[in-house]
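Work through the exercises below with the model open. Try each task before reading its solution.

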Amino acid sequence: MKSRSIYRANPDHATATAMAREERGHWVMAALYPSSTSAKTVARRVPLAEMMPAYEPAGAYEAYVAQHTDGTALWVRYVAGEEPVPVLPDRMSVRIRHDGDGPGYSGSGVITVTVSTRCPQCGGPRGFDTVIPHRFHHDGDWYVVDRWANRCGHVDMYDAVLAESRQVLLPLAPAPVPVPSPPADDSPAGLILTAAKGRRGMHAQQAARMLDVHGHDEDAARIRAELRSRNGHMSAKQAADYLHAWSPVAEGGAQ
Ligand SMILES: [Zn+2]
């Protein structure tokens, strides 16, 4: 079996997140824990980047935990960006060959079974999105079963899949709720208000800097001018209000 060295004292989240960023939307195994409790704790922190700077900013990563032959694996993926990433379903239904259980039964058959979308060996996503029909010939009849490829490289054998489908499918631990999707209101004032919600005591100066980053140079300059006239006393929220007041007809054509 594999060496025990996989239990690293300090999981390398920096490397995991770098890999995840390279292939947005694809799941990467970030760490392996001897206990599912610690794995779940970390999985809850990942989407919030709570005490886990490698996963900043909050909302950039998703995580789930799954059984691994050597413990509990933490899988993460990078989701920040405009386009939605495909949802990983909990279950997949596939057609497999099943020649019957009873002794003396020689017929061939196909049954549809439902199994987890997590690889039983490493917990990585099974190739639920790679399922293709495969025709085979047996005793003068044609049958169709499904084939799929797991990204982790582990191969699912039909016998194991059948056995798995016959176990009670326990509900998976709920996936951590991803942090707030990008603000619907992407006006400069809306951006500031959204950012200020997550940053207690955000100052107008920080709001202006954020607008710089988003290319709203004029609005940033407007805030700075107002900030000077108020002798530096202006919160981010006041800056947003100021922009609203300054530009009441910003809707629609604003850019
Ligand atoms: Zn696997």
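The exercises go from the overall fold to single sites.

This is a predicted model, in which local features need pLDDT of at least 70, side-chain atom pairs count only at pLDDT 80 or more, and totals for chains, interfaces and linings use all residues. Residues are numbered from 1 along each chain as its sequence is written, and side-chain values use heavy atoms, with hydrogens and water left out.

**Exercise 1. The fold**

Task: Count the helices and strands of the protein, and give their order along the sequence.

Solution. 
- Step 1. Helices (H or I, at least four residues) and strands (E, at least two) are DSSP runs, numbered from the N terminus.
- Step 2. The protein has seven helices and seven strands.
- Step 3. Their order along the sequence is α-β-α-β-β-β-β-β-β-α-α-α-α-α.
- Step 4. Contact means heavy atoms within 4.5 Å. Take the contacts with a separation of 6 or more: 56% of them join residues 24 or more positions apart.
- Step 5. Buried means under 20% relative accessible area, exposed over 50%, and partly exposed in between (1.4 Å probe, protein chains only). Of the 255 residues, 37% count as buried.

**Exercise 2. The zinc site**

Task: Identify the residues that coordinate the zinc ion, and classify the geometry of its site.

Solution. 
- Step 1. Donors are N, O and S atoms within 2.8 Å of the metal (3.2 Å for Na, K and Ca); water is not among the atoms, so sites may look incomplete.
- Step 2. The donors are Cys 119 (SG), Cys 122 (SG), Cys 152 (SG) and His 154 (ND1), at 2.0 to 2.3 Å.
- Step 3. Their spacing in sequence is C-x2-C-x29-C-x1-H.
- Step 4. Four donors count as tetrahedral if all angles lie between 85 and 135 degrees; four count as square planar and six as octahedral if opposite donors are over 155 degrees apart and all others between 65 and 115; anything else is irregular.
- Step 5. The angles here run from 106 to 112°, and the site is tetrahedral. The ideal angle for four tetrahedral donors is 109.5 degrees.
- Step 6. Check burial. Cys 119 is buried. Cys 122 is buried because its relative accessibility is 6%. Cys 152 is at 29%, so it counts as partly exposed.
- Step 7. Check for disulfides, each a pair of cysteine sulfur atoms within 2.5 Å. The count is zero.

**Exercise 3. A strand residue beside the site**

Task: Which residues does Gln 67 contact, leaving aside neighbours within four places in sequence?

Solution. 
- Step 1. Gln 67 is in strand S2.
- Step 2. Its contacts are Thr 72, Cys 119, Pro 120, Cys 122 and Gly 123. Two of these, Cys 119 and Cys 122, are among the zinc donors.
- Step 3. Gln 67 and Cys 119 are 52 residues apart along the chain, with C-alpha atoms 8.6 Å apart.
- Step 4. Gln 67 has a relative accessible area of 53%, so it is exposed.

**Exercise 4. The sides of H3**

Task: Find the buried residues of helix H3 (residues 158-166), and say what they pack against.

Solution. 
- Step 1. Val 161, Leu 162, Glu 164 and Ser 165 are buried.
- Step 2. They lie on the same side of H3 because they cover an arc of only 160° around the axis. The arc is that of the directions from the helix axis to the C-beta atoms.
- Step 3. The face turned away carries the exposed residues Asp 159 and Arg 166.
- Step 4. The buried residues pack against strand S4 (91-97) and strand S5 (110-116).

**Exercise 5. Nonpolar cores**

Solution. 
- Step 1. A nonpolar core is a set of buried Ala, Val, Leu, Ile, Met, Phe, Trp, Tyr and Cys residues joined through side-chain atoms within 4.5 Å.
- Step 2. The largest has 20 residues, and Val 46, Tyr 55, Tyr 61, Leu 74 and Val 76 have the most contacts inside it.
- Step 3. The elements are helix H1 (13-22), strand S1 (28-33), helix H2 (36-45), strand S2 (61-68) and strand S3 (71-78).
- Step 4. S1 gives the largest share, four residues.
- Step 5. A second, separate core of 19 residues includes Leu 191, Met 234, Ala 236 and Tyr 242.

**Exercise 6. Backbone exceptions**

Task: Where does the cis peptide bond lie?

Solution. 
- Step 1. Most residues other than glycine have a negative phi, and most peptide bonds are trans.
- Step 2. The cis bond joins Glu 56 and Pro 57, with omega about -5°. Pro 57 is in the loop between H2 and S2.
- Step 3. Met 51, in the loop between H2 and S2, has a positive phi of about 60°.
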